[in-house]
Amino acid sequence: MLLSLGGICIIVSGILALVNHVTAEPIAKAEIEAKVAAIRAVTPAFDNNPFTELQRVLPEGETDSLTVYPAKKAGKLVGFAIESYTLKGFSGLIRTMIGFDAGGKLIDFAVLQHAESPGLGSRIYEWYHEKSETGIRDLRGLDMKTVSPLTVSKDGGKVDAITAATISSRAFLDAVNRAWKTFSTVQGQSSSVNTDNTAPQQPK
């Protein structure tokens with residue numbers, strides 16, 4: 001019986017290793033394609049390849065670097081797409097792509113990954129593209145120099161929280177504020193900037 005169980009374990013391990021090898025490349029390719037689409041969606045029109053000019057930037061007060069993708073048109077910098085994150089979601093990690101123009105206006109954002117509750121926290125993208133009569137909701141076009149840091153109204157800020165999903169709303173704004181801090185670091189040429197063209201790492 002021990003030999004049989006050992007043989008079965010070896011066969012199953014081999015199958016899993018093969019499946020992982022076969023699927024690793026398509027998964028990686030799909031992730032890159034999703035990031036490229038997100039970068040295009042959140043920045044002004046550009047004609048460079050942001051992936052070849054990406055920077056890893058460590059803002060002051062943070063422990064994890066963020067990936068910054070510069071967008072250029074005819075050689076002129078027109079904005080940045082910043083891959084940000086938060087660990088404060090109702091279900092943990094939320095990864096985003098936040099886009100700014102060169103002057104600090106928030107162009108748009110994309111949600112790359114989340115595990116928030118369906119119909120509640122999962123509405124981040126839709127909710128923060130809607131207009132509001134009571135406060136800030138549609139983040140597009142915000143001049144972050146005048147409104148940062150963004151906080152929900154329950155915490156004394158001006159941003160509408162998603163109905164019944166305040167934790168998810170706080171978490172999303174945490175990711176946006178982290179991206180803005182990174183943008184400010186890049187623009188200010190802070191000595192805390194750490195630039196190397198290594199591949200992005202998952203937040204710890």
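**Ground rules.** I number residues from 1 along each chain as its sequence is written, and I leave hydrogens and water out, using heavy atoms for side-chain values. Since the model is predicted, local features need pLDDT of at least 70 and side-chain atom pairs count only at pLDDT 80 or more, while totals for chains, interfaces and linings use all residues.

**Overview.** I looked up the secondary structure and found four helices and five strands (DSSP runs numbered from the N terminus: helices are H or I with at least four residues, strands are E with at least two). From the N terminus on, the elements run α-β-β-β-β-β-α-α-α. Of the 204 residues, 41% count as buried (under 20% relative accessible area with a 1.4 Å probe, protein chains only; exposed is over 50%, partly exposed in between). I noted an accessible surface of about 11200 Å², 58% of it belonging to carbon and sulfur atoms (Shrake-Rupley method, 1.4 Å probe).

**The sheet.** I followed the strands next: all five form an open, antiparallel sheet in the order β1-β2-β3-β4-β5 (strands pair if DSSP finds at least two bridges between them). β1 (55–57) and β5 (106–113) are the edge strands; each has a single partner, so one side of each is left without a neighbour in the sheet. On average, neighbouring strands are turned by 30° against each other, direction ignored.

**The cores.** The largest nonpolar core has 32 residues (buried Ala, Val, Leu, Ile, Met, Phe, Trp, Tyr and Cys residues joined through side-chain atoms within 4.5 Å). Its members with the most contacts inside it are I82, F100, Y128, L139, L150, F172 and V176. β2, β3, β4, β5, α2 (124–127) and α4 each give two or more residues to this core, and α4 gives the most, with eight. I checked V176 by itself: leaving aside residues up to four places away in sequence, V176 touches I98, L106, L139, M144 and L150. Apart from this core lies another, of eleven residues, among them A38, F46, A81 and A110.

How values were computed. Axes fitted to C-alpha atoms, helices over the stretch in contact; angles between N-to-C directions. Contact = heavy atoms within 4.5 Å.
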